Amino acid sequence: MALTALGSVLSAEEGGEAVDPSKAGFVAPTSLEFAFPDIIASDGWLTKPMLQIVLSVVVVFLFFFLSARKRSMVPSRFQFAGEGIYGFIRNGVGRDVIGHGFERFVPYLVTLFAFIYVNNVMGIFPGLHFPTMSRIGFPIVLALFTWAVYNYVGMRKFGVSGYFKNMMFPPGVPKPVYILLAPIEFVSVFLVRPVTLALRLFANMFAGHLLLLVFMLGGAYMLANESLVLNFLSPFAFITAIALTFFEALIQLLQAYIFTLLTAVYIAGALAEEH
Amino acid sequence: MEGTLNLVGYGIGAAGASIGVGMVFVAYINGVARQPEARGMLQPIAFLGFALVEALALFGLVLAFVL
């Protein structure tokens with residue numbers, strides 16, 4: 001009964017064919033685990049991650065909509081939770097990092113944080129078991145939004161040439177160093193920042209999901225094996241999987257917070273009066 | 001022996017990242033030890049530094065799989 005349950009877990013986890021646990025040698029999970037079949041015959045885009053994205057949008061909207069509906073002075077628990085999350089990002093990330101004029105960025109920051117966090121939690125949520133940010137396309141879009149926001153805001157405030165002058169020629173540096181510094185700054189702000197933003201979120205979710213897969217599939221393999229030694233050692237794999245699930249929960253929250261915090265830091269950097 | 005050179009590259013890259021993460025938290029622990037009231041102020045900075053350094057180690061891990 002446990003073995004058939006494990007078998008169904010195996011076949012549900014993998015996007016490709018199910019591996020019979022006791023016959024083949026252990027097949028380590030690869031990046032193929034992240035490919036999903038089409039649900040309806042679309043061109044490859046209507047898959048499980050796409051449905052999870054839509055679900056996360058609905059969840060985030062419903063959470064904030066329902067928590068802000070009554071707006072009573074003595075908040076209910078739901079309103080308290082929504083206000084807590086909103087206030088945490090507004091104060092800790094918006095006001096403390098961006099400073100003056102931070103209010104217009106708060107909706108974007110709060111939505112970004114909630115959206116990334118809900119999508120990350122789907123990695124350990126029972127039934128879903130897949131962090132949608134481990135498909136590179138989704139973090140790329142979020143990083144592009146952030147890139148567009150901080151560049152547009154900087155160019156609005158300083159003009160296009162003023163923004164580039166501020167970015168590439170920070171004051172307080174001796175003149176000859178500018179030859180080295182300006183290209184580095186340009187590449188760093190314009191090209192590297194969105195790439196590392198997207199890649200950091202993607203890599204954390206990808207690695208975390210892969211870690212969990214290794215220990216859970218390994219534990220299932222050990223439990224279904226003929227060798228009695230492996231059968232008795234399999235609980236350690238499952239215990240490690242449980243411990244890693246808790247660790248993943250922390251990392252998911254941390255990565256959502258880091259993405260939001262770095263967005264605010266880049267916006268503050270674009271708005272900074274250097275002189 | 002099986003495997004690719006990707007794994008060796010990731011292993012070498014993880015060495016630098018682990019030292020970096022250790023240094024971030026050494027600074028945080030020292031700061032809190034000298035002045036315990038600074039704990040709340042230093043904590044977001046510590047986590048930000050940790051995530052930035054960890055990102056590089058994870059790039060290595062992901063590229064080891066993907067490439």
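This is a predicted model: local features need pLDDT of at least 70, side-chain atom pairs count only at pLDDT 80 or more; totals for chains, interfaces and linings use all residues.
Colleague: Let's start with α5 in chain A. How many residues has it, and what's its reach from first C-alpha to last?
Modeller: Helix α5 of chain A runs over residues 137-158, so to speak 22 residues, and spans 32 Å from its first C-alpha to its last. That's close to the 32 Å expected at 1.5 Å a residue.

Colleague: Which of the α5(A) residues are buried?
Modeller: They are A:Phe138, A:Pro139, A:Leu142, A:Ala143, A:Thr146, A:Trp147, A:Tyr150, A:Asn151 and A:Gly154.

Colleague: And what covers them?
Modeller: The cover includes α2 (48-67), α4 (106-121), α6 (160-168), α7 (178-224) and α8 (228-271), each from chain A.

Colleague: What follows α5(A)?
Modeller: A:Gly159, with a positive phi near 80 degrees.

Colleague: At what angle do α7(A) and α2(B) pack?
Modeller: About 65 degrees, with the axes 8 Å apart; α2 of chain B is residues 39-66. That angle makes α7(A) and α2(B) roughly perpendicular, and α7(A) passes α2(B) in a left-handed crossing.

Colleague: Which residues meet there?
Modeller: From α7(A), A:Thr196, A:Leu199, A:Arg200, A:Ala203, A:Asn204, A:Phe206 and A:Ala207. They meet B:Ala51, B:Ala55, B:Leu58, B:Phe59, B:Leu61 and B:Val62 in α2(B). The residues of that helix contact divide into 10 nonpolar, two polar and one charged.

Note on methods. Residues are numbered from 1 along each chain as its sequence is written. Chains are lettered from A and ligands numbered from 1 in the order in which they are written. Helices (H or I, at least four residues) and strands (E, at least two) are DSSP runs, numbered from the N terminus. The expected span of a helix is 1.5 Å times one less than its number of residues. A residue is buried if 20 or more other C-beta atoms lie within 10 Å of its own, exposed if 12 or fewer, and partly exposed in between; C-beta atoms are placed from the backbone. Two residues are in contact if their C-beta atoms, placed from the backbone, lie within 7 Å. Axes are lines fitted to C-alpha atoms, for helices over the stretch in contact, and angles run from 0 to 180 degrees between N-to-C directions. Angles under 35 degrees count as roughly parallel, over 145 as roughly antiparallel, 65 to 115 as roughly perpendicular and the rest as oblique. A crossing is left-handed if the near helix is turned anticlockwise from the far one by less than a right angle, and right-handed if clockwise. Ala, Val, Leu, Ile, Met, Phe, Trp, Tyr, Cys and Pro count as nonpolar, Asp, Glu, Lys and Arg as charged, and the others, Gly among them, as polar.
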